[in-house]
Amino acid sequence: MLVGGEGTRLRPLTEWIPKPALTLVDRPFLAYMIEWLAGHGVTEVVLACGFLPDVLRAALAGEEERAGAKIRYVVEPEPLGTAGAIRFAAEELGEDLDDRFLALNGDVLTDLDLAALLRAHAERGTTATIALHPVEDSSAYGLVRSGEGGEVLEFLEKTGERAPGEVNAGIYVLERSVLDLIPPGESVSIERDVFPRLVGDGLQALRLDGYWMDIGTPERYLRASWDILEGRVETRVGPTAPGILVAADANVAESATVGPRAVLGPGCRVRSGAEVRESVLLDGCVVGENAHVAGSILSPGVEVAPGAILGGAVVGRDERVPAG
Ligand code: GTP
């Protein structure tokens, strides 16, 4: 699993924590992915880390036991890109890596049927199989066109064109031979450098229907939060009310309004007359009297001054939002 990126589109949330370790609703994002993998019989997950690996490790403490899968950490000395990271991890693992393995982007909340993907790959006896997910607007994703038998005809990385299509879900089954296409020690992208070379030569795709959301932007991070809390994706999270999760020790004044849609992390306080809606407040945030927070994500320790109005904001750790 690739977890070494800097998550620039989620800054400032990701200035101090890697995107895969960022809390989504009530747990580090990767917990959802590891539980999904474990649910499909995966017993060992290798995390290809780069950016802030120690923060990632600390965030996932206890996850092995919870999910029932072993977690191994491999740390790149410098970012090697999505393919370079796979090659580096494979070299570190040596004989421990099977001839056939899964490779995944570490920022996808999903319940897609991995078993179906593995089955298709085995039946077709191919080199690489990409999971595809249908979207209305494919502009921000890698668009994949495939033939009747699943063979990939064209692989287009982020077209910018707002057309519906089947996009690369960031979930792959690979044969070890793919590693030979990745030069060692160099920054190489699997989407841009490796898959295009496999078109017509063993690159297959399989459309999988189900839930899929890449949490890489603030808008999608919020959407994923509501999807979890409104039950559109199956997780172990237990909402306080539909669309709402308030941590047991969060404190909401009687005259304050929380929701529709809100996450209040541990230690958050919402003072009298304040309103929080369609927003996620991570640990220890304080919303002052009569302040309004809407459509926003607040990193741990943010303080919103009394009377302040905050809309569509992403606020960094321990910042203070002044009124007016
Ligand atoms: P942005 O900077 O916002 O694009 O996010 P990102 O850095 O996460 O990049 P992107 O979403 O394209 O990456 C997809 C997945 O690959 C994420 O799970 C990243 O953590 C991971 N990833 C990207 N580049 C590298 C890398 O050089 N090394 C490793 N190990 N993982 C990477």
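Predicted model: local features only at pLDDT ≥ 70, side-chain atom pairs only at ≥ 80, totals over all residues.
**Reading the pockets, domains and peptide bonds**

Student: What kind of peptide bond joins Gly259 and Pro260?

Tutor: For a peptide bond, the angle to look up is omega. Here omega is about 0 degrees, and the bond joining Gly259 and Pro260 is cis.

Student: Let's go back towards the start of the chain. What is omega for the bond from Arg11 to Pro12?

Tutor: Omega is near 5 degrees there, and the bond from Arg11 to Pro12 is cis. As for its place, Pro12 lies in the segment before strand 1 (23–24).

Student: Now domains. How do I read those, and which ones does the assignment give?

Tutor: Start with the bounds, then check how the parts meet. The assignment for this chain gives domain 1 (2–218) and domain 2 (244–321). Taken over C-alpha atoms, their centres are 33 Å apart.

Student: How many residues are in contact between domain 1 and domain 2?

Tutor: Ten residues of domain 1 touch ten residues of domain 2, counting heavy atoms within 4.5 Å as contact. Together the two domains bury about 860 Å², with 79% of that on carbon and sulfur atoms. On the domain 1 side, look for Leu13, Trp16 and Val25: they supply 57% of the area that domain 1 buries against domain 2, more than any other three residues. Salt bridges between domain 1 and domain 2 number zero.

Student: What about pockets? What volume does the largest pocket have?

Tutor: The largest pocket has a volume of about 890 Å³. It is lined by 38 residues, and nearest its centre lie Arg9, Thr82, Asn105, Asp107 and Glu191. Two or more lining residues come from each of helix 4 (81–93), strand 10 (165–175), helix 6 (190–198) and strand 12 (212–214).

Student: How do the lining residues of the largest pocket divide?

Tutor: They split into 13 nonpolar, 14 polar and eleven charged.

Student: And how much space lies in the second largest pocket?

Tutor: About 600 Å³. Its lining has 24 residues, and the closest to the centre are Glu44, Val46, Leu97, Phe101 and Leu102.

Technical notes. Residues numbered from 1 in each chain as written. Heavy atoms only, no water. 1 Å grid on protein atoms, 1.4 Å probe; cavity = no way out; pocket = protein on both sides within 12 Å on 5 of 7 lines; lining within 4 Å. Points joined across faces, edges and corners; volume = space filled by probe spheres on them. Helix = DSSP H or I, 4+ residues; strand = E, 2+ residues; numbered from the N terminus. Nonpolar A, V, L, I, M, F, W, Y, C, P; charged D, E, K, R; others polar. Domains from an automatic or database assignment. Buried area = accessible area lost by both parts, 1.4 Å probe. Salt bridge = Lys/Arg side-chain N within 4 Å of Asp/Glu carboxyl O.
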